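This report describes the protein displayed below. Please look over the sequence and the structure before reading on.

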Amino acid sequence: MSYKRKDLLGMIDLSSEEITYLLDTAQTFCEINERDVKKVPTLKGRTVINLFFEPSTRTRTSFEIAGKRLSADTVNFSASSSSTTKGETLIDTVKNMEYMHSDVFVVRHAYSGSVKFISENTDASVINAGDGLNEHPTQALLDLLTIRQHKGDIKGLEIAIIGDITHSRVARSDIWAMKKLGANVRLFGPPTMLPKYIEPFGCRKCATMEEAVEGADVVMMLRVQRERQGKLLLPSTREYAKFFGLTNQKLNLAKEDAIVMHPGPINRGVELMSNVADCSRSVILPQVSNGVAVRMAALYLLGLKKGGQSENTAEKL
Ligand code: CP
């Protein structure tokens, strides 16, 4: 098995074999991240440009770290200090960077579909670092890697995703990937933040928080994405916390060895109480560590496209 695509745009496109291959490759990079010297020469001479048109802490930093650990030349582009403020189009921006002989673009953008549009207009490889409401595939991969490390096989797991599902690209990527790997996914959130049509996703819609959490192996909490909501969709933060926030009491309905996940950034005291975020069942910070490994895997598999990638990652490293 190898990853033959030019780009990594979304989990909806990938087969279960491709997802598993990406996860296996990422697992080999976890070992490198434990070393004293966390650097390999794999992408020496390659150029990775992080094109972020939206704010980010985890994704941008971990892509930069990932590129550097693979010895790529990593450049961070910030939209606010670029010539896009003078009216330059998205494609002109990308084409100019392509003609600087860049190999990989990592792109975050507020508009769904924008990253695919870029990929269709460049010969460089493109990784989606989050496009609007659409997808955030490397977040799904790091979530799956974390679940696999704690629970083994994804198949048959009961996974609850709770919160603002409608406006979450993380939820969308997670759901596609989890279903492809055979998990049972339940969704719960305020009616104003649940997609109208859940059935096509193959998920169970829960009527209460208790129903969503009961017997779950994984409880994944989501932030209210105010920046993507056209109008205010909840009466008050306090009310949201009461009905949709995860407390220890609610978590006790999950399986004894259930894990708590959150993609970050957390709004403490809203969707997740602080004592739950920091409890022994929380794997939120291990998710962040796995983010570096997953992004190393993605850059490795796409960054070597022009030079040919090894069929055996461990052998190459
Ligand atoms: N999970 C995530 O995408 O975090 P950032 O917005 O900080 O990158």
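Which residues are around the ligand? They are Ser56, Thr57, Arg58, Thr59, Arg108, His136, Gln139, Pro263 and Gly264, where a residue counts if one of its heavy atoms lies within 4 Å of the ligand. The model is predicted, so local features need pLDDT of at least 70 and side-chain atom pairs count only at pLDDT 80 or more, while totals for chains, interfaces and linings use all residues. Residues are numbered from 1 along each chain as its sequence is written, and side-chain values use heavy atoms, with hydrogens and water left out.

**The ligand site**

| Residue and atom | Ligand atom | Distance |
|---|---|---|
| Ser56, side-chain N or O | oxygen | 2.6 Å |
| Thr59, polar side-chain atom | oxygen | 2.6 Å |
| Gly264, backbone N or O | nitrogen | 3.3 Å |

Gly264 is also joined to Pro265 by a cis peptide bond, with omega at about -5 degrees. Pro265 belongs to the loop between strand 9 (259–261) and helix 10 (274–277). Helices (H or I, at least four residues) and strands (E, at least two) are DSSP runs, numbered from the N terminus.

**The two domains**

The domain assignment divides the protein chain into domain 1 (11–135 + 289–303) and domain 2 (137–287); such bounds come from an automatic or database domain assignment. The C-alpha centres of domain 1 and domain 2 lie 25 Å apart. In domain 1, 32 residues are in contact with 28 residues of domain 2, contact meaning heavy atoms within 4.5 Å.

Between them, domain 1 and domain 2 bury about 2500 Å², of which 59% is on carbon and sulfur atoms. Buried area is the accessible area (1.4 Å probe) that two parts lose on being put together, summed over both. Met11, Leu23 and Leu133 supply 26% of the area that domain 1 buries against domain 2, more than any other three residues.

Across this interface there are 2 salt bridges, each defined as a side-chain nitrogen of Lys or Arg within 4 Å of a carboxyl oxygen of Asp or Glu. The elements that give two or more residues to the side of domain 1 that touches domain 2 are helix 1 (16–34), helix 2 (58–69), strand 3 (104–109), strand 4 (125–131) and helix 11 (284–303). Helix 1 gives the most, with 9 residues.

**Salt bridges and a backbone angle**

How many salt bridges does a search of the whole structure find? The search finds 13 salt bridges. Glu54 forms a salt bridge with Arg169, and here the closest N and O atoms are 3.1 Å apart.

Ser71 is a residue other than glycine with a positive phi, near 70 degrees. Ser71 is found in the loop between helix 2 and strand 2 (73–78).

Conventions
A polar contact is a pair of N or O atoms within 3.5 Å; within protein, one must be able to donate a hydrogen and the other to accept it, and residues adjacent in sequence count only if both atoms are side-chain atoms.
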